[in-house]
Amino acid sequence: MGTHAARLLEPEGHSRAHLNGHGTTGNGAAMRNGLLPGHSDGSGDRSRRPGDRNGPVDSTRFRSVLGHFATGVVAITAIDPDTGAPCGLAANSFTSVSLDPPLVAFCVAHTSTSWPRVRAATTLTVNVLAEHQQPVCAALASKGGDKFADLEWTASPSGNPVISDALAWIDCSIEAEHPAGDHVIVVARVHQLDVHGDSGPLVFFRGGYGRFHT
């Protein structure tokens, strides 16, 4: 899984990422919906050598250490089959899985209130968010209300929301679900996809949002 993800998602010609514009707006809500809990302010005791800590892994320590792995952010959207209204959530746990067949995967918290609505749809669409779209992430990570009230979007070939200015969209359907602790790993089969924008990506690192610069 990791090999294909690295080949497909690594920016061509770039060897280093620099982040700026960090913030934590919407982070708690995002973690409730689709963002993994491995992201925080990165604080911790750096004087210890590897292997110095024994016993169960503390959740705070887990978030601190895993927060040092930078990820992109996606918006997973669909049309609620019961209401006909757009629905969605934000996630930073997204990766390509397989080229043949074309598969992607993401993780969703069991406590997400948005996932059951997205899951009920025949297809869903992954929107890769651009560097200026932190407000989109915050809107889709919020609980309750109309998440799409202030969002502009057009329909993908499957009819799901493609958010304006997103970098890319991927139409897919659920292939398999695997329970994993307090999250579920969702594997989805890709049906159609395309590039939608040409700006930089929204990057999530150590509990904050930033931009990618060469």
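**Notebook: a look through the predicted model**

I started with contacts in the protein chain (contact means heavy atoms within 4.5 Å): among those between residues at least 6 apart in sequence, 71% join residues at least 24 apart. Residues are numbered from 1 along each chain as its sequence is written, and side-chain values use heavy atoms, with hydrogens and water left out.

**Overview**

I looked up the elements next and found five helices and 12 strands in the protein chain. Both kinds are DSSP runs numbered from the N terminus: helices are H or I with at least four residues, strands are E with at least two. Of the 214 residues, 43% count as buried. The cut-offs are under 20% relative accessible area for buried, over 50% for exposed and partly exposed in between, using a 1.4 Å probe and protein chains only. The chain exposes about 11,300 Å², and carbon and sulfur atoms supply 53% of that. Those areas come from the Shrake-Rupley method with a 1.4 Å probe; for residues, only the protein chains shown count as cover.

**The open sheet**

In what order do the three strands of the open sheet run? I read it as β1-β11-β12, with antiparallel pairing. Two strands pair if DSSP finds at least two bridges between them. β1 (71–72) and β12 are the edge strands, each pairing on one side only. β1 and β11 share two bridges, and there Gly 72 stands opposite Val 203.

Thr 71 counts as buried because its relative accessibility is 11%. Its side chain makes a polar contact with the side chain of Asn 92 at 3.2 Å. A polar contact is a pair of N or O atoms within 3.5 Å; within protein, one must be able to donate a hydrogen and the other to accept it, and residues adjacent in sequence count only if both atoms are side-chain atoms.

**The cores**

A nonpolar core is a set of buried Ala, Val, Leu, Ile, Met, Phe, Trp, Tyr and Cys residues joined through side-chain atoms within 4.5 Å. The largest one has 21 residues, and Ile 76, Phe 106 and Trp 115 are among those touching the most other members. Elements giving two or more residues to this core include β2 (74–79), α4 (115–119) and β10 (183–195). β10 gives the largest share, four residues. Beyond its neighbours within four places in sequence, Ile 76 is in contact with Cys 87, Leu 89 and Phe 106, among others. A second, separate core of 14 residues includes Ala 75, Cys 137, Leu 140 and Tyr 209.

Are Cys 87 and Cys 137 buried or exposed? Cys 87 is buried at 3%, and Cys 137 is buried at 1%. I searched the whole structure for disulfides (cysteine sulfur atoms within 2.5 Å) and got zero.

**Thr 83**

Thr 83 lies in the loop between β2 and β3. Thr 83 counts as exposed because its relative accessible area is 55%. Its side chain reaches the backbone nitrogen of Ala 85 at 3.2 Å. Thr 83 and Arg 117 are 34 residues apart in sequence and 9.7 Å apart in space, C-alpha to C-alpha.

Methods
Predicted model: local features only at pLDDT ≥ 70, side-chain atom pairs only at ≥ 80, totals over all residues.
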